[in-house]
Structures are given as structure tokens and as C-alpha cells.
Amino acid sequence: MPHFVIMGCGRVGSSLALTLERGGHSVAVVDQDEQAFRRLGRHFGGQRVTGVGFDRDALARARIQEAYAFAAVSSGDNSNIIAARVARETFGVEHVVARIYDPGRAEIYQRLGIPTVAAVRWSTDQVLRRILPDTDLAGDFRDASGRIVMAEVRVATGWIGHPLSELESVAGVRVAFITRMGEGIVPRADTLYQQGDIVHAVLAVSGQDEAERILASEPQSGTGLLDEQDATRDGVDQA
């Protein structure tokens, strides 16, 4: 059972916690205001940890070491980004997301490898799509037949530095656009996948499970374009 740690028990944080718990997940919520936990209701079975969300002791009590994902959704931009960095850099949590109120800071945070969502376009659904494991690709768009979907897909960190055209070839998808540093980009043939990129792909519904599995896994050695280029260079060097 995946464990999730949420910093902030406001409207978004409490909604996230209750949604995750209803989905059968283990949840811990951290907030420095003990009264904030009232939003969870008396039937909430997860952990309530009173403390500062970026404090290592508070995070340890929330079992951050076991966390599959961490969401920083308090009312403070600085607190959220600090907490997200502590979760990732100190405790090694791979899946983190931070809520921000100032969209102008998004570029800085994206460069740090922290996915962010500005409060003006924030929703519980958006953060769930970034932290839930094995999330079905519900899709941002479907064609009239219902057989083609465009959706945000999760890409493993091992693909960093690989051309997006390689992802397309291996997974059988077409990358429609990527979100990089808070801005949408239509990729070229030589565009490389970078840390923090959000990939939006067009794919067949019938093959979405396999495509998601491939992209969420580390690339196989010897099957990628970069591996072929390296092998070619090695052959030239040895000739």
C-alpha cells in the first residue's frame, strides 16, 4: 500500500488526504495548526502530525522515509518549495509536487526539478495525477470514436537526455507537447526529455496500459537511439 505525505491541511490538503484514503492508500498530513485537522473529520484514519512541514523531525514522524509521494500544499510558497526539496533531496522521495501562488516563480522551481501548479489553476485532480501510482490515463481529450486519447503521461527519470522521438518510437505514442518551466512547447525531432518536463502524448486507448508501463520504466539498454549512436561511435573508435 503506497504511503503519501501531505503538508498543509487546508481545503486542498484535506481534500487530497480524504481522496487518497478513500482510495485505500496510507496517508499522513502535516500542519503546524492542530485545529486545521478538523477539516479531515473524525472518521479519517490516517496520521495527523502537528509540526512545520519542512522540519525533518515532523516529516520523520509522518513516515516520509516510506513515502511514495509528497505534496506540499500549504498557503506559503517558500514553505512549500523548501518542504518539497527536503522531501526529495534529504529523504529521496521521487514523486513530489508543490503548490505555488506566484506563477512567476514556476520557472525557478521547475529548474530545481520540482513539479509545481499555480494556485490560479490548482485543483485536487491535478495533484492526484502527479502523485498517484498507476493512475489510469483519463485523458485531456478523446476523439469522437473514443479510441484516441491525449493525456499527460508519467515518464521515468531514466529517460532524461533521450530524444522525445525515441519515447514515441518505443512506446508507440505521439508527443503532442511538453510543459517545460511552466510553458507549453511543441517538440522538434531533436528535442530531448529534461528533468521537470511534463509530457502530453496522443495514444490509442487500447494500448495505453502498455505505453504507460514502458514510459514509467527505465529505458532498456541497447534499444534506444542514443545507445545506437554510442555503439556506432565505439565501432569507429575501434576501427
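The legends below describe close-up views of a predicted model, in which local features need pLDDT of at least 70 and side-chain atom pairs count only at pLDDT 80 or more, while totals for chains, interfaces and linings use all residues. Residues are numbered from 1 along each chain as its sequence is written, and side-chain values use heavy atoms, with hydrogens and water left out.

**Figure 1. Overview of the protein chain.** The protein chain has 8 helices and 11 strands, these being DSSP runs numbered from the N terminus (helices: H or I, at least four residues; strands: E, at least two). Of the 239 residues in the protein chain, 45% are buried, where buried means under 20% relative accessible area, exposed over 50%, and partly exposed in between (1.4 Å probe, protein chains only). Among the contacts (heavy atoms within 4.5 Å) with a separation of 6 or more, 57% are made by residues 24 or more positions apart. The accessible surface comes to about 12,300 Å², with 49% of it belonging to carbon and sulfur atoms; accessible areas come from the Shrake-Rupley method with a 1.4 Å probe, and for residues only the protein chains shown count as cover.

Figure 2. Arg-85 and Glu-89 lie 4 residues apart in helix H3 (residues 77-90), a spacing of about one turn of the helix. Their side chains meet in a salt bridge with an N to O distance of 2.9 Å, the term denoting a side-chain nitrogen of Lys or Arg within 4 Å of a carboxyl oxygen of Asp or Glu. Arg-85 is partly exposed at 32% relative accessibility, whereas Glu-89, with a relative accessible area of 51%, is exposed. The structure holds 6 salt bridges.

Figure 3. Asp-197 forms a salt bridge with Arg-180, and their closest N and O atoms are 2.7 Å apart. This pair links distant parts of the chain, since Asp-197 lies in the loop between strand E10 (183-185) and strand E11 (198-204), while Arg-180 lies in strand E9 (residues 174-180), 17 residues apart. Asp-197 is buried, with a relative accessible area of 7%, and Arg-180 also counts as buried, at 16% relative accessibility. In the salt bridge between Glu-168 and Arg-174, the closest N and O atoms are 3.9 Å apart, and Arg-174 counts as exposed at 57% relative accessibility.

**Figure 4. The buried face of helix H7.** In helix H7 (residues 208-216), the buried residues are Gln-208, Ala-211, Glu-212, Ile-214 and Leu-215. Seen down the axis of H7, these residues fall within an arc of 165°, so they line one face of the helix; the arc is that of the directions from the helix axis to the C-beta atoms. Their cover includes strand E8 (148-153), helix H6 (164-171) and E11.

**Figure 5. A nonpolar surface patch.** Val-52, Phe-54 and Ile-82 form a nonpolar patch on the surface, and together they have about 200 Å² of accessible area. Patches are made of residues with over 30% relative accessible area and no salt bridge, like charges being joined within 9 Å and nonpolar side chains (Val, Leu, Ile, Met, Phe, Trp, Tyr) within 5 Å. Ile-82 lies in helix H3 and is partly exposed, with a relative accessible area of 39%.

**Figure 6. The surroundings of Pro-115.** Pro-115 is placed in the loop between helix H4 (106-111) and strand E6 (116-118), and counts as buried at 19% relative accessibility. Pro-115 and Val-96 are 19 residues apart in sequence, and their C-alpha atoms are 6.9 Å apart in space.
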